[in-house]
Amino acid sequence: MEKYNDASLPIEERVEDLLSRMSLKQKIAQIQCTIAAGDDPTAPLTFFQNGVGEIAAFPTGNNAKEVTDENKAIVDAICGNELGIPPIIHNEAITGLSAPEATIFPSAIGLGATFNPETVLKMADIIRQQMLAVGYRQALSPVMDICRDPRWGRIGETYGEDPTLAAAMSVAFTKGLQSDDLRNGIAATGKHFLGYGFSEGGLNMTTNPIPPRELREVYAKPFQAAISEAGLESIMNSYGAVDGEIIVGSEHILNDLLRDEMEFEGVVVSDYTAIDHLVDRRLEPDMAKAGITALRAGLDVECPYPQAYTVEHLVEAVTRGELEESVIDRAVRRVLATKFKLGLFENPSPRFDMYDMAYNNSEHNEHSLKAALESTVLVKNDGLLPLSKDIKKIAVIGPHGDNVRLMFGGYTRPAGLEMSISRSMGDMAGLAEDAGFGEDLSKSFGDDNFVPAEPFPGSNVLREHPDAMAAIDALYGPVTPTILASIKEKCPGAQVVYAKGCDIAGTDRSMFNEAIKAAKEADIVILTLGGKYGWGSSCTIGEGIDSDDIGLTGIQEELAKEIFAIGTPSVMVHMDARPLSSVFITENFPAVIEYWFPGTTGGRALASILFGDYNPAGRLPVTVARHTGQIPIFAGQYYGNGYHTGKIMLNKYVDSTKEPLFCFGHGLSYTNFEYRDLQVDSHTTSDGTVKVSCKVRNAGRMDGEEVVQMYVTDELASMIRPERELAGFVRVSLKAGEEKTVCFEMRADQFAFLNKDMKWIVEEGDMTVRVGGSSSDLPLIGRFHIDNTAAIVAHKRGFFAKSKIIGLVMNNSK
């Protein structure tokens, strides 16, 4: 037996043995990727006789069994190469595997709103099971970007604005997906490294104006946490650029920072066609030169197909002495190591024996429901909610009220299905032909025979393609009750009417009168407004779908004003990937709910919350700006910036307040909570820990959950520090009258920063601890002192406080 096939040997030894047997062309194959799609997903693979490192397999099957068969055929086709090196098949899984029958969870921004890493951990484990069963071994997830600009269309893929929240969620996702043993896990891919979520103008793929210190302290923190605490196996580069260097070609970012400073040892894959940008942005004259630059910088695998990492380009570069073969060897070692860790040489095929556990499991849908419930944020409630189930007549108004597609966000199977039907498959064929695969491979992607949809009047947004909507309704309608259907089920004795009112975009007011009539005749109005999250020109937000206005799209705000003028009590349910920035709705509507894009069980979840069967406790993972002019606005701003200015006088807007509509961490409940008895260790050393505890009591008459949040302020520092920094949080379930003790333990080096010499230090001084229910509601205040200043090893520092809940006292007195 060859050493590389001996699973008992160390991975390093197996890698070196296999590498020594490989020709240059076989090595190049391992840093290539291709797309397997179309009626015959194995057709493109005939162009890779030496094997291939990764395969982007976009399933065409209608169920998990058919997806399994497709992926099994792909594996068999590639494993027939001379050395029998299996491929890694990848797919998207940020909110559930993007494939038929897979469980769909709330969008990532909604998951951030749960403030519950345990929910994300279990979700990722479900995704792991479902990916394993059908043969995927790498997820291009999770997104670890910090987003502080809601104009950016990809905000919905993130966990929000805060690096501590994102770090906790990223660690949970990575642990759940990869498991304790990668042989039974899925390689998680943290993306997009680095700084992608803060760009000039809020536009996708532009320059990221982030200083080196902030880049490390804020934007790298979730990645570092996942590397250090969860063994993150893969990272994807950003399309962006920092300090004049595009990330995909930056040795400073992909090697000096990622490898040397952060000690990442896994594989780096390119975001799709990212190497092209070196040419597009006039940094390299052609793709051959761009490939050399990317390889030298530290990019291992080019996705989704070889344009720069072609055999022709790289063999010629090595022959001419422009590229050392050792640079290729470095990338190949990382790819092979990942494949050995995944156990692909022993078992490369789908594990369909896991199908029943992975897919025929009611617990998975129940966890999706749990996530949807936990993600819902009650932003405002003047006593209108919860509603009585004895209401006689309910009007559901708005484009989201009876629409299956609008229950789902981007990077989900429904969004992908819509894109694939609405968009010409000829576009995909053209991409393949441009990549140099030739006419035969191009034809494998399908034909161009669709009829484009028309735009909404007065808008660039396209109407939903009827064929796409019919397909989504047929596949997901039976398992995805809409808001309207869920309310009808919850209140069988009520008359529930629906009026669309308006579209998600455009200026068509022809539906206003029907909506106004429904509102006048109703006892209560559920107004459902927001955006459409996905890919392409039929969406209002998503990848490459950015906005210069963070308000409601189209004439939805106008519809809201018309409904408010009727006088019927109205609940505003906002569904979008960015929060609701509407001063009018915030000031006038008695109840406002942030509902993001909740997934398959979303209608059920909302009905349960509206009628009091579930007490909401979600929290805003972003600060809500009043208008675009306040951007960027976030809780962790440096002292003296934004609305954290203290006594700084000449720091204001002429015609507006600096205060946001709602602060980070805000979220209401149907009950009230009281905090008391804060205990904080008075001193610690730079390598020590601080214990913090307090008691939290449900002082109301309804069971509920509270998200206890802890913030820390460095009172005097050698560098400007955040006015308040989220240090830890925990979601606590409390019955009416019940009290529990919440305990946090945080390391002093969690508050390390880069000094003037760009060295990581923990600094001596006083630290203030605040605990409460949001970043703006922190009734408990304490202090501790760090006794000494010391340099630290940054990748070994703390990232978020550990928490536990102990003891309880029942007290039903008011």
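Predicted model: local features only at pLDDT ≥ 70, side-chain atom pairs only at ≥ 80, totals over all residues.

Student: OK, how many helices and strands does the protein chain have?

Tutor: The secondary structure of the protein chain comes to 24 helices and 29 strands.

Student: And what radius of gyration does the protein chain have, next to that of a compact globule?

Tutor: The protein chain has a radius of gyration of 26 Å, which agrees with the value near 28 Å that a compact globule of 814 residues would have. Along its principal axes, the C-alpha trace of the protein chain spans about 80 × 70 × 55 Å.

Student: How many of the residues count as buried?

Tutor: Of the 814 residues of the protein chain, 64% count as buried.

Student: Which residues touch the most other members in the largest nonpolar core?

Tutor: That core has 185 residues, and those touching the most other members are Phe193, Ile275, Ile328, Ile397 and Leu527. Leaving aside residues up to four places away in sequence, Leu527 touches Ile397, Leu559, Ala560, Ile563, Val571, Met572, Val573 and Phe589. There is also a second, separate core of 40 residues, which includes Ile391, Phe408, Ile487 and Leu606.

Student: Changing topic, how far apart are the mean positions of the positive and negative charges?

Tutor: The protein chain has 76 positive and 112 negative charges, and their mean positions are 5 Å apart.

Student: And what about the accessible surface, how much of it belongs to carbon and sulfur atoms?

Tutor: The accessible surface of the protein chain comes to about 29000 Å², and 48% of it belongs to carbon and sulfur atoms.

Conventions:
Residues numbered from 1 in each chain as written. Heavy atoms only, no water. Core = buried A, V, L, I, M, F, W, Y, C linked by side-chain atoms within 4.5 Å. Buried < 20%, exposed > 50% of the residue type's maximum accessible area, 1.4 Å probe, protein only. Contact = heavy atoms within 4.5 Å. Helix = DSSP H or I, 4+ residues; strand = E, 2+ residues; numbered from the N terminus. Rg over C-alpha atoms; globule rule 2.2 N^0.38 Å. Areas by Shrake-Rupley, 256 points an atom, 1.4 Å probe, with all protein chains shown as cover. Lys, Arg positive; Asp, Glu negative; His and termini not counted. Charge placed at Lys NZ, Arg CZ, Asp CG, Glu CD.
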